[in-house]
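Today I'm looking up strands and aromatic rings, one entry at a time.

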Amino acid sequence: MRFKWFQPRVCVLLTFSLGLLAINACFGIGAHYGISKPQIFIGEGLIEYKELFSIQPSQNGGRLQIYDVLPTSQPTELAVASSERSKEGRYIGGFLRIVDSVTGAVHSLQPMECSPIDLNGDDRFEATCNGGGFSDVALVDADGNDVWVFDGGGYEKRGGAANDLAVGDIDGDGDLEFCIGFSESLGCFDERGEEIWRENDKSFGYNQVLIINGTSSLVLAVRYPYLSRDDYSLIVRTGSGELLFNRTVSRGFHFDLAQWPPDQTEPSLVTATDSSFAFRNLEGELKLEYAIPDALVADEDVDSFACEYVVLEMDSQKYLLVNYTAEYVQLAFSPSPVRSAILLYDTSGNLVYFEVLDDLVTIVSLADTQTGVKKILMLKRGTIFEILAPSQPPPVIMAP
């Protein structure tokens with residue numbers, strides 16, 4: 001088991017120091033506050049939370065933070081990934097539990113330091129280590145052994161370091177491929193770590209890799225300029241590695257893909273910063289931008305992050321639900337430190353719901369393996385909540 005590789009699937013790291021801060025912010029490492037009564041400022045009573053179940057730490061007196069939930073082949077079971085710390089704050093380890101979603105009973109417990117992935121649908125979860133900072137990029141089997149490893153670089157390596165990993169079936173053969181962004185190239189590898197293709201771009205930069213799986217797969221790599229705050233390069237290739245285009249996109253802390261706005265036929269490239277979300281088409285053209293409300297003011301010494309966003313449907317209308325979090329986020333009209341803010345936007349960019357929580361939370365979208373029905377879950381410490389959407393769409397209310 002590779003304890004140095006605790007790399008949950010979260011905000012991509014801009015730099016190593018910024019990455020450590022992002023992990024602390026998004027997963028509660030070093031957090032000391034429990035959640036209390038939510039403070040609702042817009043659309044009061046609009047969204048409710050239904051507690052599904054709680055999980056106790058594996059050691060007495062420890063603190064447990066859930067950071068991911070995955071479906072299994074059993075409709076009433078969930079795979080729950082968590083990190084645990086002792087009462088004194090010492091890191092104990094990462095674990096994956098198979099949990100009954102109705103009773104909360106834990107059926108199995110597996111040590112796991114990286115992001116869980118079930119490669120063959122047998123409910124024995126492998127793990128991918130996604131790099132970032134100077135961590136290696138790797139695939140670990142269900143017993144904790146390395147299948148393959150690409151060097152993350154460390155402080156001494158220059159050039160060729162593996163920085164980021166994306167997983168998807170890019171050639172349509174039913175098997176997953178692993179696309180890796182290196183400091184000087186973009187490569188695709190099979191489950192055994194054998195190279196399928198690798199293309200060099202002959203310029204140093206950090207790659208974030210994204211995969212679009214649809215009628216045709218695309219591999220996107222965002223290359224950060226080395227020691228520069230200039231705009232970034234968006235490199236788009238086909239699943240076979242053919243270059244489609246290499247264009248400039250505006251800088252951001254995190255890039256992702258989202259089917260938003262919902263009337264588009266292809267996903268948007270999302271650029272998340274500490275002040276807005278910009279939605280661009282795959283050509284890099286700006287289509288929609290959501291500004292973070294002025295009521296959220298980050299401490300001047302701590303950066304804030306948009307960690308997750310999911311599409312929520314209410315009465316046939318779609319909304320974007322965003323979790324905006326920081327080490328200490330403060331309201332401009334309240335001196336009390338808080339941890340996360342849940343924001344809801346309509347398709348026009350209007351803010352219709354705004355709730356502040358006094359703890360770090362994570363939101364995930366999870367589809368039932370049998371029915372395909374999507375649930376939006378909120379993960380907080382050792383508890384999983386389902387976010388219940390109202391039956392009627394909310395009114396448009398101006399942000400505070």
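This is a predicted model: local features need pLDDT of at least 70, side-chain atom pairs count only at pLDDT 80 or more; totals for chains, interfaces and linings use all residues.

**Entry 1: a bridge partner.** I looked up Lys380 and found that its bridge partner in strand 30 is Thr383. Strand 29 covers residues 374-380 and strand 30 covers residues 383-388. They pair in the antiparallel sense, over four bridges. A reminder from class: strands of a sheet pair through backbone hydrogen bonds, either parallel or antiparallel.

**Entry 2: ring pairs.** How many aromatic pairs does the structure hold? I got eight. A pair of aromatic rings is described by the distance of the centres and the angle of the planes, so those are what I wrote down.

I took Phe150 and Phe189 to start. Their ring centres are 4.7 Å apart and their planes stand at 50 degrees, so I filed the pair as tilted. Phe150 sits in strand 10 (residues 146-150) and Phe189 in strand 13 (residues 185-189). Buried or exposed, I wondered about Phe150? Phe150 has 17% relative accessibility and counts as buried, because the cut-off is under 20%. Phe189, at 2%, counts as buried too.

Then I went to Tyr290 and Tyr345. Here the centres are 4.4 Å apart and the planes are at 5 degrees, so the pair is stacked. Tyr290 belongs to strand 22 (residues 286-291) and Tyr345 to strand 26 (residues 334-345). The two are 55 residues apart, and again the pair links distant parts of the chain. Both tyrosines, Tyr290 and Tyr345, are buried.

**Entry 3: a cluster and two arginines.** Back to Phe150 and Phe189: ring pairs link them with Trp148, Phe178 and Phe182 into a cluster. What lies over the face of Phe182? I found Arg198 there, at 3.8 Å from the ring centre. I wrote down Arg247 as well, which lies over the face of Phe245 at 4.3 Å from the ring centre.

Methods. Residues are numbered from 1 along each chain as its sequence is written. Side-chain values use heavy atoms; hydrogens and water are left out. Rings of Phe, Tyr and Trp (its six-membered ring) pair if their centres lie within 6.5 Å; planes under 30 degrees apart count as stacked, over 60 as edge-to-face and the rest as tilted. Buried means under 20% relative accessible area, exposed over 50%, partly exposed in between (1.4 Å probe, protein chains only). A charge sits over a ring if NZ of Lys or CZ of Arg is within 6 Å of the ring centre and within 35 degrees of the ring normal. Two strands pair if DSSP finds at least two bridges between them.
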